[in-house]
Each structure stands twice: as structure tokens, then as C-alpha cells.
Amino acid sequence: MIFPVALPRLTWGAPDAPRHALLVHGLGSAAALMWRYGVALAEDGWRATAVDLRGHGDAPRALDYSIAAYAADLVATGREDGWPWDLVIGHSLGGAASTSASAQDPEWTRRLVLIDPAIHLVDRDAEVIRASQQRAFDDNRAEQVREEHPHWHEQDVELKVDAVARASRWAVEQTGAQNLDAWDVRADAARLAVPTHVIGADPEVYSIFDGALAREVLAANPRITMSVIPRAGHSPHRDRPEETIARLREVLASDAFADDEELGDAELGARSAAR
């Protein structure tokens, strides 16, 4: 049995904002590194809440670092008012966990945006991620982050150093080890019942959701759409932030995501009661 842990939160925007979004970071990261989305959504009248995943940041440590455990924590993470999230944005590991959480509980969120999500890791990508995490823990200096990512905003550099310093190296390593033969949430993606958009990375730079995998996932569920940020690697919000935020705004304004934008109080109450 999986026992969820309570996830620490950071927030942007007014508490009484009409729409609420949950931001879920990737492996070896932390809530604060989702700041680009938080700032943009707050500017657009949302309240955005980012969480530290188990084993990361200030979140509780555990023994179970399966995708199912990360998803269980997210299902247990609700809005302050008890209603479903209007939007969940999940990056990489956070995208995989958010996919599983939404498939498990269709009332958890009304929309999903997945940022180069780790839907299915094959050996090559798993090794690339393992090596990247090892480099980060072995040399966690701002100078090293700047050298590897010269175009990142200075806050992203600072926050990446802080995220690595506060993450459990054991937890990050165990996330890879415990999901080595089972990092695959394609079946959950096929079951998604809410509008979902993937903001993908450029395969010419580096992406873990492209090619045959992306075609398979999109074909299996017509609710899932996808676009790619040119010249952006695995973290588009850090590599090409202006383009990524512009794309997010376009997606949220699209017909698929704008449908059911204004729910009546009675329907919102019914959804809350259903949870």
C-alpha cells in the first residue's frame, strides 16, 4: 500500500483568484524552479501553487520512489477550497506523475499541460538522465550550471543549485532504480479524460518525448495534443522561457482548453462533493 506524504507549497497570485493551477517539477528539481509558470499565471489572474515532490526540497523523505508513489502524493494534493485544480502543469517526472494522478482520479484537475513529460523512458534516455543527475550532485556550483546552460536566467541558476543541495541524492537515485523496468505511464496517458497538451522540447537539442513515442501516445488518446518549442531542450521554461510562456498562453486560450472555462457554482459544488 502507498501512503501519500504532504507536499510543501509555494504560491503566486491572489488567494481569491477564480482559477487555480498546480505546478509539478521534475527529477532533482524543486517547486521554486517552476517560477516562470507561477509568475505568468499570476499575471494572468490565476493563483499558482508549486509543490516539492517527495525526496525533493522540503518535502518528506520516504522509501518508495515509484511513479505510483509520486502520483499518490499529487492526488492527495488539493486546492485550499477543496475544488478540483483548473490546471496542472507537470514537467518531466512531474509530467509522468501528473498523468498517472489524473488517470487515477479524473476529478483531480480539469486540464493538463505536460512539459517534455517522462511518459516512457527507454534505456538511452534513462542513462542520459542518470548521468545528468550525477553531474549535478558531483559538482553543484553555480559556475558549472552556467557553463552547461549559458542562456538560463540567473534565478534559474541560483535555484538549480539550491534544488540540488536540498534534494536527497538517494531519493533521486532510487527514482531511477525503482522505476528502471516500469517507467511507463502510456496506459495512463491513454485513459486521460481531460484536455491535455504536451509542450515538447526540440529533438535537435534534446527531448524525452518525441518520435515514435509521441506519435503512439497522441494516437491513443484524441484529448492529447502537442506542440514543440524550437531550440529548447528538456526544460523549455528555462531554455526558451518567453516562447514557452507564450505557447502556454496560446494553449490556455485554445478552444479545447477554453471549453467549460466558466463553471456554475452548482457544478463546481457537485465536483467538490464527488471528491
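Me: What percentage of the 275 residues of the protein count as buried?
Reply: This is a predicted model, in which local features need pLDDT of at least 70, side-chain atom pairs count only at pLDDT 80 or more, and totals for chains, interfaces and linings use all residues. Residues are numbered from 1 along each chain as its sequence is written, and side-chain values use heavy atoms, with hydrogens and water left out. Buried means under 20% relative accessible area, exposed over 50% and partly exposed in between, with a 1.4 Å probe and protein chains only. On that scale, the buried part of the 275 residues is 53%.

Me: Is Asp116 buried or exposed?
Reply: Asp116 is a residue other than glycine with a positive phi, near 35°. Its place is in the loop between strand E5 (112-115) and helix H4 (123-138), where helices (H or I, at least four residues) and strands (E, at least two) are DSSP runs numbered from the N terminus. With a relative accessibility of 0%, Asp116 counts as buried.

Me: Is Arg231 buried or exposed?
Reply: Arg231, although not a glycine, has a positive phi of about 65°. The loop that holds Arg231 runs between strand E7 (224-228) and helix H10 (236-239). Since its relative accessibility is 55%, Arg231 counts as exposed.
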